[in-house]
Amino acid sequence: DFLCISLVNGFTQLRYNLGDKTVILQTLQKAHANGNTWHSLSAGRVGNEGYLDLDGINITQKASPGMNALDTHTDFFVGGVSSLNLVNPMAIENEPTGYTGCIREIVINNRELKLTVTDPKGGANIGDCDGTDCGYTVCKNNGTCLVENSGFSCSCPREWTGTTCEQSIHCSQNMCGSHALCIPQPSSFSYTCACALGWTGKYCNNKIKFYIAKFVGNSYIKYTDPFYGKRDLRYSRLSLNFTTNQTEGLIAWMGKSENEDNDFLAIGLVNGTLKVVINLGERISVPLMHSKYFTCSVGRWHFITVVQNQTCIKVYLDEELILFEDIDPQRKYTALNYGGICYFGGFEIGRKVNTVTMGLFQKEFIGKIKDVVLFQDSKKIPLMNAEGYNVYDGNSGN
């Protein structure tokens with residue numbers, strides 16, 4: 001399998017093969033080869049239907065039945081390859097040769113690549129294209145970059161300040177402590193402080209410890225599993241206790257959540273019922289809904305366990321087996337490649353639950369979580385030692 005974008009006789013070409021036949025799309029117009037015209041290119045596929053768009057002129061190849069997944073296990077190359085014999089003969093019309101020109105703002109599956117010296121895995125013979133200290137997106141938040149003798153300066157929109165327009169004017173005089181993020185509140189011309197795990201108070205200056213994590217709606221914990229490399233991912237397990245009085249909320253998300261191709265196992269509440277969703281590959285999300293209306297009574301703790309035995313999923317609620325389903329009897333994908341990442345209560349600040357989960361869950365969790373155990377580990381995971389914000393001590397009143 002491959003997916004390749006190339007220039008052929010001045011035209012831009014997309015070629016891909018999902019396992020049966022090679023699909024070729026070519027733009028109607030040539031790209032300007034004068035060295036000072038920027039072109040906007042969008043290319044990809046949905047299933048086996050491809051699209052290629054150069055400067056707003058779109059070519060789409062209607063799909064005929066066939067393979068619909070791109071199974072590649074190689075690195076992602078831009079501008080050239082480390083060895084020309086890596087290029088599939090069908091991926092390009094003529095003999096493969098490296099690209100000469102400038103490339104910026106590469107976005108793969110809605111995630112922008114950082115074209116810096118340190119972020120890529122490797123490379124060779126790459127220079128600075130802009131030639132000035134301004135470069136691409138040096139000034140944040142729609143700031144305008146101005147070249148000066150000593151480097152550059154940014155002219156910032158009214159709401160932003162700082163050398164690169166990175167700071168909201170509402171946070172320019174903030175009193176948030178060193179364990180906090182300043183969150184601007186433009187409507188009230190002020191700010192709030194988001195406290196890192198283990199800190200609380202208006203300015204996040206008070207240290208706390210907790211074993212029960214209390215989530216207030218704009219909270220999250222991101223835990224990195226130190227034993228991920230030793231796990232047998234065909235037999236996953238997640239168990240925890242939670243209490244809430246809400247009818248909506250994401251309780252836990254086992255998976256990287258960087259793009260829609262990531263495997264995941266998710267637990268949450270939807271319209272007052274318990275929902276478990278699992279994706280073992282190819283974006284095939286299988287939602288399992290508990291049939292009974294779920295009583296979200298205040299102060300009542302519930303114990304949930306989700307067990308994945310290859311494609312068989314069991315869900316226990318308060319020690320009772322409530323869901324049991326084989327999500328793929330064909331056994332095409334049997335491992336939960338969750339990347340060693342577990343989220344609780346929500347995602348990073350600024351990432352909305354309904355967007356990241358593609359509508360599977362609507363809101364961040366409000367309530368308490370404790371006693372989280374992964375796989376068959378003898379110890380609960382130390383929530384205090386993870387990354388997160390706006391999580392409070394839930395021990396009081398229990």
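Which cysteine forms a disulfide with Cys134, and how far apart are their sulfur atoms? The partner is Cys145, and the two sulfur atoms are 2.0 Å apart. A disulfide here is a pair of cysteine sulfur atoms within 2.5 Å.

This is a predicted model: local features need pLDDT of at least 70, side-chain atom pairs count only at pLDDT 80 or more, and totals for chains, interfaces and linings use all residues. Residues are numbered from 1 along each chain as its sequence is written, and side-chain values use heavy atoms, with hydrogens and water left out.

## The disulfides

The structure holds seven disulfides. Among them are the following pairs.

| Pair | S to S distance | Torsion about S-S bond |
|---|---|---|
| Cys102 and Cys129 | 1.5 Å | -60 degrees |
| Cys134 and Cys145 | 2.0 Å | about -95 degrees |
| Cys195 and Cys204 | 2.1 Å | -85 degrees |

Take Cys102 and Cys129. Their link is left-handed. The pair links distant parts of the chain, 27 residues apart. Cys102 sits in the loop between strand 6 (57–61) and strand 7 (107–108). Cys129 sits in the loop between strand 8 (111–112) and strand 9 (144–148). Strands are DSSP runs of E with at least two residues, helices are runs of H or I with at least four, and both are numbered from the N terminus.

How open are these two cysteines? Buried means under 20% relative accessible area, exposed means over 50%, and partly exposed lies in between (1.4 Å probe, protein chains only). Cys102 has a relative accessible area of 32%, so Cys102 is partly exposed. Cys129 is at 39%, so Cys129 is partly exposed too.

Now return to Cys134 and Cys145. The torsion about their S-S bond is about -95 degrees, so this disulfide is left-handed. The two residues are eleven residues apart. Cys134 lies in the loop between strand 8 and strand 9, while Cys145 lies in strand 9. Cys134 is buried, because its relative accessible area is 8%. Cys145 counts as partly exposed, because its value is 24%.

The link of Cys195 and Cys204 is left-handed as well. Cys195 is buried at 3% relative accessibility. Cys204 is buried at 1%.

## Other cysteines

Cys4 is buried, with a relative accessible area of 17%. Cys342 also counts as buried, at 1% relative accessibility.

Strand 9, which holds Cys145, has a partner. Strand 9 and strand 10 (residues 151–155) pair in the antiparallel sense over five bridges. Two strands pair if DSSP finds at least two bridges between them. A hairpin joins strand 9 to strand 10 through two residues. Glu148 stands opposite Gly151 in strand 10.

Gly50 stands opposite Gln61 in strand 6.

## A domain from the record

Where does UniProt place the feature "domain: Laminin G"? The unreviewed entry puts this feature at residues 1–129 and 210–398. UniProt positions are given in the numbering used here, feature names are shortened, and annotations may be inferred rather than shown by experiment. In the model, residues 1–129 are 0% helix and 34% strand. The end C-alpha atoms of this span lie 32 Å apart.

## A look at Tyr392

Tyr392 is found in strand 28 (residues 387–393). Is Tyr392 buried or partly exposed? Tyr392 counts as partly exposed, because its relative accessibility is 30%.

Which residues does Tyr392 touch, leaving out those up to four places away in sequence? The contacts (heavy atoms within 4.5 Å) are with Thr200, Ile208, Phe210, Ile212, Ala213, Lys214 and Val216. Gly281 is 111 residues from Tyr392 in sequence. In space, the two are 35 Å apart, C-alpha to C-alpha.
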